[in-house]
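Good morning, and thank you for coming.

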Amino acid sequence: MSAPLDTSTALPGRAASILERVRVRAPRVHCLMNTVAQKLVADGLSALGAIPSMTASPDEVEHFARKADALAVNLGTLDPQRREAIGLAVGVAATRKIPWVLDPAHCDYSPPRARFAQGLLERRPAALRANAAEYEMLSVPDDVVAVETGTVDHIGFGARKISVANGDPLMARVTGTGCLGGAVIAAFLAVDDDSQAAAAAAMLAFGVAAQDATRHARGPGSFEPALLDALAALDGKAIVEQARVTE
Amino acid sequence: MSAPLDTSTALPGRAASILERVRVRAPRVHCLMNTVAQKLVADGLSALGAIPSMTASPDEVEHFARKADALAVNLGTLDPQRREAIGLAVGVAATRKIPWVLDPAHCDYSPPRARFAQGLLERRPAALRANAAEYEMLSVPDDVVAVETGTVDHIGFGARKISVANGDPLMARVTGTGCLGGAVIAAFLAVDDDSQAAAAAAMLAFGVAAQDATRHARGPGSFEPALLDALAALDGKAIVEQARVTE
Amino acid sequence: MSAPLDTSTALPGRAASILERVRVRAPRVHCLMNTVAQKLVADGLSALGAIPSMTASPDEVEHFARKADALAVNLGTLDPQRREAIGLAVGVAATRKIPWVLDPAHCDYSPPRARFAQGLLERRPAALRANAAEYEMLSVPDDVVAVETGTVDHIGFGARKISVANGDPLMARVTGTGCLGGAVIAAFLAVDDDSQAAAAAAMLAFGVAAQDATRHARGPGSFEPALLDALAALDGKAIVEQARVTE
């Protein structure tokens, strides 16, 4: 049984608080990110208040992972070197007990990518961010927060489900927006121990920023810089007022 | 002997029709695209109504090519892995009889790249998109549509020539605009069997979108998001009214 | 002993003159550039009036370096192939006596990257562009112009120091802006033999463009296209009027 949240408390208030912590602590998020979305993801994390890095070279990635507060692992434009770097970075995350997010981008297109994603799930990311088609390829362990994106985002962990209906259709017209969503989850996980709440708060904050951005967008092209502006300008008040959350 | 087209019929009308088909069918265009232009090309295809993918890994590219309706093969930032992936993707295109476009970007700078481009031409892309300097390095088979870009674009196939004088000088100031032009040709080829008409229609539609974009541009920086907005907003009426075509 | 410059002469006037030469001569700048910043750097160089190229493949990079008037070598997203390409390109630069700039991006995160940067410094770039944390990892030869970036940029060569206080805090919020700064130095070095003056002039021109850009920016997202517009529109008068230089 789910009921609309009192938006002055619970998730929206928590999202406001987490955003504030991101701004104050400026967590470092190391991204194993497809080459298409690297720039948008780096700019989005910077706009939010986090510190991005992007190296995917096997001989350097552990040095970067050791300085990171969270990892965002995205499987787009995967190749052997990138696969090796991901394995090494995830190893550092396990040792240092820092959270990481898996985004198995387009794993429904490519069986070897789906197998690689499944192997990573066994290494226990804090959260998996994927759409419905990608979820169909994967078996998700119970102790991983499952973020299923769509018109409404569903964030599940065991029996507890949270739904977030924020966002805008223009997001789907800009390549890399979803990848950035995964990185925002990583930044939020870096400053909050409740992985499900942090993941849901990230989707909420990101969705509200997208809604704010549409005011300055004439189409998908102008939406992208407007989204970055909105992430930089986002505050807790906007999150609480615009939240469309059910839990 | 060439005469101005009656813009209510022939190529402009056909371009309007092809654009409509792209919007309805949403063809998947897999791009072997230089790393510099990947994001712009993906965003441009999405804005137009097509569905882009960008993986260039040899062990995954065939899976993506099997789901594609057309390929855009661009030789910028070429390396051994990318060369191998291109060969594999083109093999799938031949088997599946889907069209592909070759853009031998900067092959006039690098003899090995020109040789690689020549080898690909023997495998019969539907169209070659190149500038005059690049054409000088290549011998184009008769059964490949030859798109020569410049202030005026010339689209030749055997004895039939079409010229398109749309576009704007700002296009040359934004890296990747030409690469996107090649991908737009691929999207148009995916929904029309007359390769020459489809290639010419693509250059026309893209050029009209660029002209529309200049209204919201203060320079090359703001031109880029404006171009994406214009591709998303483009309609057949604008194409027919603004077409500057000779055939 | 340093004194405020008479802004009508010396560095600002020289920067105006160098910018004019860049516009007239359109120097080719080959960039060994991290994959995140490639597009912004290419667009920034084009906006300024230079001609960028970006290939980092070992089997092609020498062909591109032989056509270049300067190199911009950036160590972000370094990998073995990119390291090899950098070595080859720097070899061509030495043979052809064209200037090159080293930006050891994030070498403070990664000891192997710092060692590689030190090895490159022994091969004598015209200029090193780095921030304070990166400088701590490196020993800079006396005959390399040392550009230390920060709120105020310091450009040192032997006993002569120049400081440039232009720029805007938004620059630090956009990934790749610093990388573009290194490439602008390369473009300026290509048309002026006084490496220290050229490097300082580049920082000045770039900083003034950034200040101009803030007028059209609502945040870091809209700042980026505005910066490109400002680089394209920049003129000597704006540089001279807004220069904040001490030498």
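I shall speak about the arrangement of the chains, and then about one interface.

Please bear in mind that this is a predicted model.

Let me begin with the symmetry. In general, two copies of a chain are related by a rotation about an axis and a shift along it. Here, chain C is superposed on chain B by a rotation of 120°, with 0.0 Å of shift along the axis and an RMSD of 0.0 Å. The two copies are therefore related as by a three-fold rotation axis. Within chain C, the residue that comes closest to this axis is C:T35, whose C-alpha lies at 3.9 Å.

I turn now to the interface of chain A and chain C. How many residues of each chain are in contact? Chain A contributes 22 residues and chain C contributes 24. Together they bury an area of about 2,100 Å², and carbon and sulfur atoms give 50% of it. On the side of chain A, the residues A:K39, A:E60 and A:D229 supply 27% of the area buried against chain C, more than any other three residues.

As for polar interactions, 16 residue pairs are in polar contact between chain A and chain C. There are also 3 salt bridges across this interface. One of them joins C:R83 to A:D59, with the closest N and O atoms 2.5 Å apart.

Which elements of chain A give two or more residues to the side that touches chain C? They are α2 (38-48), α3 (61-67) and α9 (220-233). Of these, α2(A) gives the most, with 6 residues. By class, this side of chain A has 8 nonpolar, 7 polar and 7 charged residues.

Note on methods:
Residues numbered from 1 in each chain as written. Chains lettered and ligands numbered in written order. Predicted model: local features only at pLDDT ≥ 70, side-chain atom pairs only at ≥ 80, totals over all residues. Heavy atoms only, no water. Least-squares fit on C-alpha atoms with pLDDT ≥ 70 in both. Contact = heavy atoms within 4.5 Å. Buried area = accessible area lost by both parts, 1.4 Å probe. Salt bridge = Lys/Arg side-chain N within 4 Å of Asp/Glu carboxyl O. Polar contact = N/O pair within 3.5 Å; in protein donor to acceptor, adjacent residues only side chain to side chain. Helix = DSSP H or I, 4+ residues; strand = E, 2+ residues; numbered from the N terminus. Nonpolar A, V, L, I, M, F, W, Y, C, P; charged D, E, K, R; others polar.
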